[in-house]
Amino acid sequence: MLGAVVVGIGTAGCVRIRDMLVPLRGSHAEKLAVKGFISRRSLEPQQGVSQISLEEALSRDDVHVAFICTENMSHEDNVRMFLQAQKHVCVEYPMTMSYKAAVELWDLAEEKGVILHEEHIELRSEEYKQLKREVEGKTLQEGTLHFTGGALKPGFGFPSFSGIARLTWLVELFGELSVSAATLEEDPANSYSKMTAKLLTSDNRSLTWIEERQPGLPRAKNINFQFDSGTLTQIPPAPRGTVGLFMQDLIHFSAKLAGQVSPEELQKERVRVLHCLELAGKIQELCQG
């Protein structure tokens, strides 16, 4: 068994505890045992799991794994501390707020001989899987992905990083991308922001990615993908999955810990994660420049 701690007790952190307490039977996730959680606040036990200090988690020999579920801006520091302590790490996206820092963390994980995994539950949703099936084999002419949602709390970073799940969709659907232009509109008085990024595929097809946020805006993804064979304007409906998104990710991470994920797949994930972080950084530079 591998002992694990959860850092950050928001929605994701509580789900991580629950999934380790009741893992999918017969999966690699059964090899994880939650030893405690870490929070800046002093809290009562959560789901029967007690709070421990950061120092204790870093030093204990029976803690082998850390799940980082804090605000985005603090991911990098937490990941670095646990890697330095030779613990495996699963971190919510984005693992860092810069491409350079992510490369450093991955190099550190290799040096310490541990697994570094960035969670991407958006790639495990049934709606994404159905969309990918719909897109496969078609030739893109141009497209738009427009996300709307409520205002973000402080600590989640620039929109190209806080919204990197949508960027990851585009990279997974259409391959390697480049950034040609990006703008950011803001109205702080009304907590409004709208980031627009112009992207190009490897064969110079145009994609527009929009992240628009304001209190009261419905959470939605609106698409318009024009192909040589027709236009897709709605994400195809998909049935609800039988296994939760975080549980799917936990099983995948646990398979990595068990050495059941091929080096080729690990490298493919790393390339995709770093490519998306590099794109997010370039978008931020253009918006702020």
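**Where the domains meet**

Look for salt bridges across the interface of domain 1 and domain 2 and the rule finds zero, a salt bridge being a side-chain nitrogen of Lys or Arg within 4 Å of a carboxyl oxygen of Asp or Glu. Keep in mind that this is a predicted model: local features need pLDDT of at least 70, side-chain atom pairs count only at pLDDT 80 or more, and totals for chains, interfaces and linings use all residues. Residues are numbered from 1 along each chain as its sequence is written, and side-chain values use heavy atoms, leaving out hydrogens and water.

Domain 1 covers 2-120 + 243-258, and domain 2 covers 126-237 + 282-288; these bounds come from an automatic or database domain assignment. Between them, the two bury about 790 Å², with 63% of it on carbon and sulfur atoms (buried area is the accessible area, 1.4 Å probe, that two parts lose on being put together, summed over both). On the domain 1 side, Asn72, Tyr93 and Met97 lose the most area to domain 2, together 46% of what that side buries.

Now head for Asp249, and ask: is Asp249 buried or exposed? Asp249 is buried, because its relative accessible area is 0% (buried means under 20%, exposed over 50%, partly exposed in between, with a 1.4 Å probe and protein chains only). Its side chain has polar partners: there is a polar contact of 2.7 Å with the side chain of Arg16, and another of 2.8 Å with the side chain of His117. A polar contact here is a pair of N or O atoms within 3.5 Å; within protein, one must be able to donate a hydrogen and the other to accept it, and residues adjacent in sequence count only if both atoms are side-chain atoms.
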